[in-house]
Amino acid sequence: MDDAAPVNWEALDALVIDFATSENLIEQQPQESLADSPASPLSPLSPSSSSVSYSSSSSYHSRLIIRQIRRCLAAGDIDAGIELLRAHAPSVLDDHRVLFRLQKQKFIELLRKGTEEGRDAAIACIRTALAPCALDAYPEAYEEFKHVLLAFIYDIHDKSSPVANEWSEKKRSEIAGLMTSVLRAHLQAYDPVFAMTLRYLISIHKTFCFRQGTTSPISDLTERLLMEERDPPAVPQESFYEAPPFDEVDIQALAHAVELTRQGAVDSLRYAKGDLFQAFQNELCRTKLDVPVLDELVREYCVYRGIVRSGFVASAECKVNQSEPGRLPSQNYSLEVDQATSIPSDGENSVITMHLDVSSENDVVVNSRPETDIEMRYASESTGNCEDCSTSEIQQPDISKLLQRNRNYTSGERSKRKRWRGRQDEQEYLSGVAYSACSKQDLDAVIARADIGGEHQGIEKQSTEDLNNMDDRYEIVLGIKDLAARGMATEVVEQVNALDPNFFSQNHALLFQLKQVEFLKLVSAGDQSGALKVACSHMGPLAANDPSLLKPLKETLVVLLRPHEEMLGKGLPLNALANSLQVAIGQRLGIEEPQLMRLMRAAMHTHNEWFKLQMCKDRFEGLMRIDSLKELETPLLSACSMLSSNADSSTQGSSQVTTSSSARLPEDGTSPAQVSSGEVCDESAILKVMEFLALPRADAIHLLAQYNGNAETVIQQIFA
């Protein structure tokens, strides 16, 4: 499978920033708020005014509440979950169907205690709460009520009892998942767009690979990231069953987008009161993502793209100095800290001290009272057996000079980078958490959660010298990328040559594009002689050695006929050039692309291919911002063709010159010449076959094509 489909990385940046900001994963300045983030335009989720839109900050608070309720119910603490519901979503408890399920689970949890007090409380629960709810919750509730009473008789460990399923702890996760689905829709607390987009793209990717019999190049990521189980759906109230019939197009689109039966899609639309986009979000968010894996991918991408500050995990010696002998074992501990905030750069050995409060013989609390100190010593010299992370072909430049040059040019860009903070709000603060065993592993866990600098996944422990070297390389590559994005071609060439004199000899096209930028800037400034000098000295020789550059050279020179400053300024796709440089130079320096980029390329490719098979447009790609990910900048080698053609039209008397720096892929991923499904067979026939035979759209179209587009014939042949 071709996994090199193009992606608009700037659009992905916006989605990732929106995700990290909405989930409070990056530090905000005091004057900033979640709603004021650069990605705030992504907050409205639906293209229709009737669909949900929300404030990132309020949605984040609601999501935290939902997760807290989920944890309580999954742990069997039903009373705590109900109290949180009363405090934050009291109207949910007005639905007796929900209340009955909660009270039934509470009854089981009281019996699970196995004490007389628990049995007495269970009887009280039946009399005051469970029985009254069973009378009017739903038709089957009273039978379920009588059935669950058998838990008084059958033991919890009897796997063959008629209530073994009621005793199962799986019931806890089911009720927790159900309440999550209900609350998500009730509070309009949907996940950030990026998290939903990943779910959607990965689901399509898996379906495509399965149906085509191909091997996924990103199966290692998709299997870890997207879980198989789903939360139970929120069931519509009986009054919603009188809703008018829904458009079959909407039913089929929803059913196949999130893998539902037709009846499941109808119920979902009923619950969303006919709003297709809200129903889609309700169903999509039922699928679980592995949050730690997702955060790892996002952080890696943010560091690579310069969204957050780079920081790499280093190893350090950790020695416990006991102020009170006998309280902690006297030994060394390993410790991981973030180089960006903790490792000194002055070349001297340093000591960082943390304080542990030993509250009892077995409990340790960090950052309370200075009774026990942990010293962390960082050796500035590298160890002899440590491998140099540099690439052998690259001549080592004066790193300090390159870094200083970068800082002079890009200090503003560097100051915009945020600090990664992680999910601190979802964990108990370290100062209030006690650990029951003071073993080496426990102390490692305490330090790891202290967020001294944040753990960076996927990077092995390195010596301090190698670590600083890699961090410097990131800064250099990001600095060159920023310069290229600003059109500072001369400075880019100078820095790349200082870094690796052989780089451009192996990357002729990149050097040609940089010289194109320099040429066009000189033309725009009115310096035609300087532009011609660049063309003669650099672009001409490059085109002579690489025939593929000859056509772009001619198109670039045509711009001399009618220079247009505004056209040149807005028509150059500098971001595309900057991204290409970042990838190429990063690879030369041993910096691999983040896994998220590999995942997105493959997923976008299969999305395009899937809707070619479906012969229709994706109804949800605008909602999921997939359309923005397909808005591709024109490659610089082709941009001059557009500029020159516009220049030609200007010389012929055109009243206005209009250029575009982006090219949109076809909305459904098809080529313009592809025949639409409407020309193959009637749309109503497609829907009829999909409905009656529960088939995907592509299969329905292929069957209709075999029987001259006659839906009745297809159905008769199948059932015959």
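Where is the place of Lys-273? Lys-273 sits in the loop between helix H12 (262-271) and helix H13 (276-284). The legends below start with an overview of this predicted model and then move to close-up views, that loop among them.

**Figure 1. Overview of the predicted model.** The protein holds 31 helices and nine strands. Of its 720 residues, 50% count as buried. Take the contacts between residues at least 6 apart in sequence: 73% of them join residues at least 24 apart.

Figure 2. Just after H12, Lys-273 takes a positive phi of about 55°. Lys-273 is not a glycine. Most residues other than glycine have a negative phi. Lys-273 counts as exposed, because its relative accessibility is 68%, and the cut-off for exposed is over 50%. H12 itself has the buried residues Ala-265, Val-266, Ser-268, Leu-269, Arg-270 and Tyr-271. Their cover includes helix H8 (170-186), helix H11 (248-257) and H13.

**Figure 3. Glu-283, a buried residue of helix H13.** Glu-283 has its place in H13. Its relative accessible area is 6%, so Glu-283 is buried; the cut-off is under 20%. Leaving out residues up to four places away in sequence, Glu-283 touches Pro-233, Val-258, Leu-260 and Ser-268. Ser-268 is also one of the buried residues of H12.

**Figure 4. Asn-24 in the loop between H1 and H2.** The loop joins helix H1 (9-22) and helix H2 (56-74). Phi of Asn-24 is near 60°, a positive value in a residue other than glycine. Is Asn-24 buried or exposed? With a relative accessible area of 17%, Asn-24 is buried.

**Figure 5. The largest nonpolar core.** This core has 155 residues. Those with the most contacts inside it are Leu-102, Phe-107, Phe-194, Tyr-200 and Phe-280. Helix H9 (residues 193-212) gives the largest share, ten residues. Setting aside neighbours within four places in sequence, Phe-280 is in contact with Tyr-200, Leu-254, Ala-257, Val-258, Phe-620, Leu-623 and Met-624. Another core, of 14 residues, lies apart from the largest one. Among its members are Ala-685, Met-690, Ala-700 and Ala-711. In soluble globular proteins, nonpolar side chains tend to be buried together.

**Figure 6. Helix H3 against helix H4.** Two packed helices are described by the angle between their axes and the distance between the axes. H3 (residues 78-88) and H4 (residues 96-112) pack at an angle of about 150°, with their axes 9 Å apart. The two helices are therefore roughly antiparallel to each other; the cut-off for that class is over 145 degrees. H3 makes the contact through Ile-78, Asp-79, Ile-82 and Leu-85. H4 answers with Leu-102, Gln-103, Gln-105, Lys-106 and Glu-109. By class, the contact has four nonpolar, two polar and three charged residues. Leu-102 is also among the residues with the most contacts inside the largest nonpolar core.

**Figure 7. Helix H14 crossing helix H25.** The axes of H14 (residues 291-305) and H25 (residues 595-614) come within 8 Å. They cross at roughly 105°, which means that H14 is roughly perpendicular to H25. On the H14 side, Glu-296, Leu-297, Glu-300, Tyr-301 and Tyr-304 make the contact. On the H25 side, Gln-595, Leu-596 and Met-597 meet them. The contact has five nonpolar, one polar and two charged residues.

Figure 8. Which residues of H31 (residues 711-719) are buried? They are Ala-711, Val-714 and Ile-715. These residues lie on the same side of H31, because they cover an arc of only 95° around the axis. An α-helix has 3.6 residues a turn, so residues three or four places apart point the same way. The buried residues of H31 pack against helix H29 (683-693) and helix H30 (697-706). Ala-711 also belongs to the core of 14 residues.

**Figure 9. Phe-719, an exposed residue of H31.** Phe-719 is found in helix H31. It is exposed, with a relative accessible area of 60%. Not counting residues up to four places away in sequence, Phe-719 touches Phe-692 and Leu-693. Phe-719 and Leu-693 are 26 residues apart in sequence. In space they are 9.4 Å apart, C-alpha to C-alpha.

Notes. Residues are numbered from 1 along each chain as its sequence is written. This is a predicted model: local features need pLDDT of at least 70, side-chain atom pairs count only at pLDDT 80 or more; totals for chains, interfaces and linings use all residues. Side-chain values use heavy atoms; hydrogens and water are left out. Axes are lines fitted to C-alpha atoms, for helices over the stretch in contact, and angles run from 0 to 180 degrees between N-to-C directions. Helices (H or I, at least four residues) and strands (E, at least two) are DSSP runs, numbered from the N terminus. Angles under 35 degrees count as roughly parallel, over 145 as roughly antiparallel, 65 to 115 as roughly perpendicular and the rest as oblique. Contact means heavy atoms within 4.5 Å. Ala, Val, Leu, Ile, Met, Phe, Trp, Tyr, Cys and Pro count as nonpolar, Asp, Glu, Lys and Arg as charged, and the others, Gly among them, as polar. A nonpolar core is a set of buried Ala, Val, Leu, Ile, Met, Phe, Trp, Tyr and Cys residues joined through side-chain atoms within 4.5 Å. Buried means under 20% relative accessible area, exposed over 50%, partly exposed in between (1.4 Å probe, protein chains only). The arc is that of the directions from the helix axis to the C-beta atoms.
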